[in-house]
Amino acid sequence: MTNDVNLSGGVAIFGGTGFVGRHLIKSMSSKRNMLIKVFTRNKGMVSNYSKRNIKYIYGNLDSFDDINNFVVGQKVVINLAYIDGDHEANLAFVSKLINACIVAGVERVLHCSTAVVAGRVEGNVVDEKTICNPITEYEKTKLCIEDKITSIAIGKVELIIIRPTAVFGDGGMNLVKNVNSILHDSYLKNMMYIMINKYRKMHFVHINKVVQAILYLSFIEKNISKETFIISSDYEVCNNYFNVVECLTKSLGVRQYPKLFLPFSEKIVKLILTLIGRSQINPCQVYSSQKIIQYGFKYSSNFIQEINEFALMSKK
C-alpha cells in the first residue's frame, strides 16, 4: 500500500491505550523522526511504556489544564477516547479537547467516531451524506459528540471525523463471538444461524485498514476540514455471514456447513433484529467507503486472509 502522506511533526493521541490506539501506536512507533505523545489516566504507564519517540503522559480527561498542556506544540491531535455510559462526560471532554486545541494552535484534529451513528435508515447503501437516525443511547451519544466538536471547531481548527464499522484484529472483540460459536456451540445451533442469516452483511473491517486510514487522513497534505469518512470493507464479496463462517470453519479445522437457507430469510432476519432492538435491521445494507478512496486512500490486503489470520490467532 502506498499513500502520499507527510509524517513530519508531533502527534498527540487520546485513547491510545485502547484496541485501536494500541495498534496505531505500534504502527507509528517505527517513525523515529516523530514524537508521539499518548495521554493516559494510568500513572504506571508513564514510566513503564514510554520509549524513545513514544511518551506517555498522565492526566485527567476532565481537566482543561491537563488537556491543554498535553496538546501544546503538537501538529496533529488524534482522539480515540470514549467514556463508556456517560453522555455528559463525553461531551464535556470533547469540548475541553477542541477548545484546548484551538488555544494551542493545533493544525488538525482527527476524531474517531463509529459508522453506527447512522442508526436505522432506509436504503441498501449508507454513506457520509446519509441523514442519521440513531436509536440506541450509544449511537445518540456518538452523534452528539460529532455535533459538539464540529460546532466548536468550525473555522478555528481543521477537523476530520472517521466512522469505522466493526473493527476486528488482535485484541479486539469483534469476530470473537463468531469464533466461539463455531468452537463451542452445537452444530445444529450454528446451522440454524446460517439458515436464517444467509448472506447478511457483517460489516467487518480489519484493524490495519483503520490504522492506515487514520494515518493517511491525519497527515495528508491538503485541507480536508469538516469532512467525514466511513472506513469499511463492506464491498468485499465475502463480508457476509455465510462466507465469514465458511472461512472460520476452514481455518479452525472444524466441520463445515452446507449452503442451506430458509426461504424469505432476509425478512426473518429483519424481524428478529427489530425485535431484539437493533438499529441496523436491513441484512443487505452496506456502509460505503468510496469517499476516502476518492480522496486517494489505498489499501491492498486480502479480506479472507485477514479473517484466516484472526481465526488462527484465536486458536492459540
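Trainee: At roughly what angle do the axes of helix H7 and helix H10 cross?
Mentor: Keep in mind that this is a predicted model. The axes of H7 (residues 187–197) and H10 (residues 265–275) cross at roughly 105° and come within 7 Å. Angles of 65 to 115 degrees count as roughly perpendicular, and H7 and H10 are therefore roughly perpendicular to each other.

Trainee: Which residues make that contact between H7 and H10?
Mentor: H7 contributes Met-195, Ile-196 and Asn-197, and H10 contributes Ser-265, Ile-268, Val-269 and Ile-272.

Trainee: And how do the residues of the contact of H7 with H10 divide by class?
Mentor: Five are nonpolar, two are polar and none is charged.

Trainee: Next pair. How far apart are the axes of H6 and H9?
Mentor: They are 10 Å apart, and helix H6 (residues 176–184) packs on helix H9 (residues 241–252) at an angle of about 60°. H6 and H9 are therefore oblique to each other.

Trainee: Is the crossing of H6 and H9 left-handed or right-handed?
Mentor: H6 passes H9 in a right-handed crossing. On the H6 side, the contact is made by Asn-178, Val-179, Ile-182 and Leu-183. On the H9 side, Tyr-241, Val-245, Leu-248, Thr-249 and Leu-252 take part. The class count for the contact of H6 with H9 is seven nonpolar, two polar and no charged residues.

Trainee: What about H3 and H4, at roughly what angle do their axes cross?
Mentor: Roughly 45°, with the axes of helix H3 (residues 64–71) and helix H4 (residues 87–104) coming within 9 Å. That makes H3 oblique to H4. The crossing of H3 and H4 is right-handed.

Trainee: Which residues of H3 are in that contact?
Mentor: Phe-64, Ile-67, Asn-68 and Val-71. From H4 there are several, including Phe-93, Lys-96, Leu-97 and Asn-99. By class, the contact of H3 with H4 has nine nonpolar, two polar and one charged residues.

Trainee: Changing topic. How much space lies in the second largest pocket?
Mentor: About 300 Å³. The second largest pocket is lined by 15 residues, and the closest to its centre are His-23, Lys-26, Asp-170, Ile-207 and Asn-208.

Trainee: Which helices each supply at least two residues of its lining?
Mentor: Helix H1 (19–28), helix H8 (207–219) and helix H12 (303–315).

Trainee: And how many residues of that lining are charged?
Mentor: Five are charged, six are polar and four are nonpolar.

Conventions
Residues numbered from 1 in each chain as written. Predicted model: local features only at pLDDT ≥ 70, side-chain atom pairs only at ≥ 80, totals over all residues. Heavy atoms only, no water. 1 Å grid on protein atoms, 1.4 Å probe; cavity = no way out; pocket = protein on both sides within 12 Å on 5 of 7 lines; lining within 4 Å. Points joined across faces, edges and corners; volume = space filled by probe spheres on them. Helix = DSSP H or I, 4+ residues; strand = E, 2+ residues; numbered from the N terminus. Nonpolar A, V, L, I, M, F, W, Y, C, P; charged D, E, K, R; others polar. Axes fitted to C-alpha atoms, helices over the stretch in contact; angles between N-to-C directions. Parallel < 35°, antiparallel > 145°, perpendicular 65-115°, else oblique. Left-handed = near helix turned anticlockwise from the far one by under 90°. Contact = heavy atoms within 4.5 Å.
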